[in-house]
There are 2 protein chains.
Amino acid sequence: MTSKQPTARIRRSPEEVRAAVHQAVVDLLSDPAGEDLNIPAIAHRAGVNHTSVYRRWGSLDALLADMVTTRLERDSPLNDTGSLRGDLLAWAKASAASIRTAEGRALVRAVILSMPNSPQAQDERAQHFRRRMHSIEQIRLRATARGENPPPLEQILDQLVAPFYLRAIFGIDPPATGYPELLVDRLLGTTGAPGTA
Amino acid sequence: MTSKQPTARIRRSPEEVRAAVHQAVVDLLSDPAGEDLNIPAIAHRAGVNHTSVYRRWGSLDALLADMVTTRLERDSPLNDTGSLRGDLLAWAKASAASIRTAEGRALVRAVILSMPNSPQAQDERAQHFRRRMHSIEQIRLRATARGENPPPLEQILDQLVAPFYLRAIFGIDPPATGYPELLVDRLLGTTGAPGTA
DNA sequence: CGCGCTAAGCAAACATCTGTGCTTACGATG
DNA sequence: CATCGTAAGCACAGATGTTTGCTTAGCGCG
């Protein structure tokens with residue numbers, strides 16, 4: 001009764017494995033009591049064999065980067081509200097909601113952790129960040145197409161994006177009410193020639 | 001003359017060890033080709049035995065936290081310039097200069113890396129951040145004592161501190177000229193109603 | 001229906017990291 | 001100058017992380 005069932009092994013499809021591993025990363029990063037993030041732990045929580053993780057992703061950095069890009073694309077369905085202010089506000093509200101959840105903060109942390117000190121670190125980081133900022137660029141482009149005059153990207157980074165990152169990293173909750181409006185109004189009020197169309 | 005000199009071991013003083021290890025952390029974090037940060041590597045580069053590191057600090061997180069606080073205190077001799085604007089500008093200029101160097105960016109990265117997902121992570125992060133923000137608080141206190149009316153801490157975080165962190169993390173160099181002034185003027189110009197100044 | 005490809009699972013070797021008992025250099029103290 | 005406490009260095013053991021060779025489940029294709 002005991003011994004021989006060596007071929008009873010079940011296996012999940014590559015997509016299932018991928019999703020389970022991604023979720024395990026987020027769980028470990030957000031939920032539990034400070035367990036440190038490593039591949040054996042991730043594989044265990046995902047219920048897959050750790051060799052599958054090693055062979056598919058090769059390193060923790062690569063896995064984190066893959067997870068982050070997948071999740072960010074999946075969770076960025078933001079779209080045209082008809083005005084620059086509306087678009088920025090929608091972005092800010094989504095960000096505020098996101099960093100109130102442990103999972104949202106974990107994603108931001110993962111963005112940072114996934115960037116190693118590689119020789120081309122600077123470049124990779126910049127590139128990664130560009131992709132992350134794609135939605136902001138889209139908002140600017142749409143505004144320009146409408147005839148609006150959006151602030152330069154740098155200013156949006158400084159006044160809108162940066163506060164959310166800072167708060168996500170250090171776990172500082174944004175003010176309970178009106179925070180997205182506050183940041184957006186500050187941003188648009190000081191453009192110099194903000195004039196919504 | 002080869003073999004027997006088992007007692008030829010030389011040793012360095014605790015302070016030397018401490019300084020060497022701290023420096024090794026910064027070096028590994030900033031300089032080289034993406035080697036990952038771990039205690040054996042740090043000890044090797046510092047030229048000390050790894051057991052010394054384990055015994056003194058116990059964990060990489062603790063070592064990073066110790067290094068960060070030591071360095072930040074050492075490198076924050078900022079002081080009273082006589083006005084709120086002057087103090088903020090001095091802080092901003094020092095920050096801008098710092099994040100232009102690999103070592104400065106490494107310090108910021110270390111601040112973030114040294115914060116584990118511990119159960120009380122949220123609290124610890126907030127506390128750590130408070131200490132990091134001590135100089136900002138001082139600036140506010142001095143301003144109040146002078147009769148000036150400084151912006152609330154949250155606003156200084158959003159408009160002055162956050163941009164520097166974002167840029168340090170992602171390796172985005174600040175504009176070559178006038179950046180500290182830009183941020184400080186924006187901050188002080190919008191203290192009340194957005195239409196002011 | 002059989003073939004072959006891809007990738008998951010398994011086990012075991014291999015490498016690296018972490019921790020411990022001990023010795024001993026160095027500095028302080030009297 | 002003798003003694004003592006602290007902490008660095010050494011060697012080795014144990015735990016954990018990483019990699020490899022192999023088998024085999026699932027799936028598309030002829």
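Reader: Which helices of chain B do the buried residues of α10(B) pack against?

Author: This is a predicted model. Helix α10 of chain B spans residues 179–189. Its buried residues are B:Tyr179, B:Pro180, B:Leu183, B:Val184 and B:Leu187. They pack against two helices of chain B, α5 (84–98) and α9 (153–170).

Reader: Within what arc do the buried residues of α10(B) fall, seen down its axis?

Author: Residues three or four places apart in an α-helix point the same way, because there are 3.6 residues a turn. The buried residues of α10(B) include B:Tyr179, B:Leu183 and B:Leu187. The buried set lines one face of the helix, so its arc is limited: it falls within 125 degrees.

Reader: Which residues of helix α2 of chain A are buried, and what arc do they cover?

Author: Helix α2 of chain A runs over residues 39–46. Its buried residues are A:Ile42, A:Ala43 and A:Ala46. They sit on the same side of α2(A), because they cover an arc of only 95 degrees.

Reader: What covers the buried residues of α2(A)?

Author: Take the buried residues A:Ile42, A:Ala43 and A:Ala46. Their cover includes two helices of chain A, α1 and α3.

Reader: Which residue just after α2(A) takes a positive phi?

Author: Helix α2 of chain A covers residues 39–46. Just after it, the phi is about 75 degrees, at A:Gly47.

Reader: Is A:Tyr54 buried, exposed or partly exposed?

Author: A:Tyr54 lies in helix α3 of chain A, residues 50–57. A buried residue needs 20 or more other C-beta atoms within 10 Å, and an exposed one has 12 or fewer. A:Tyr54 has 14, so it is partly exposed.

Reader: Which helix gives the most residues to the side of domain 1 of chain A that touches domain 2 of chain A?

Author: Chain A is assigned domain 1 (14–58) and domain 2 (62–188). Nine residues of domain 1 of chain A are in contact with twelve of domain 2 of chain A. On the domain 1 side, α1 (14–30) and α3 of chain A each supply at least two residues. The most, five residues, come from α1(A).

Reader: What classes of residue make up that side of domain 1 of chain A?

Author: The side in question is the one that touches domain 2 of chain A. By class, it has five nonpolar, three polar and one charged residues.

Reader: Which residues of chain B does A:Tyr165 touch, leaving out those up to four places away in sequence?

Author: A:Tyr165 is among the members of the largest nonpolar core that touch the most other members. Within chain A, it touches A:Val108. In chain B, it touches B:Ala162, B:Tyr165 and B:Leu166.

How values were computed
Residues numbered from 1 in each chain as written. Chains lettered and ligands numbered in written order. Predicted model: local features only at pLDDT ≥ 70, side-chain atom pairs only at ≥ 80, totals over all residues. Core = buried A, V, L, I, M, F, W, Y, C linked by C-beta atoms within 7 Å. Contact = placed C-beta atoms within 7 Å. Helix = DSSP H or I, 4+ residues; strand = E, 2+ residues; numbered from the N terminus. Domains from an automatic or database assignment. Nonpolar A, V, L, I, M, F, W, Y, C, P; charged D, E, K, R; others polar. Arc of directions from axis to C-beta.
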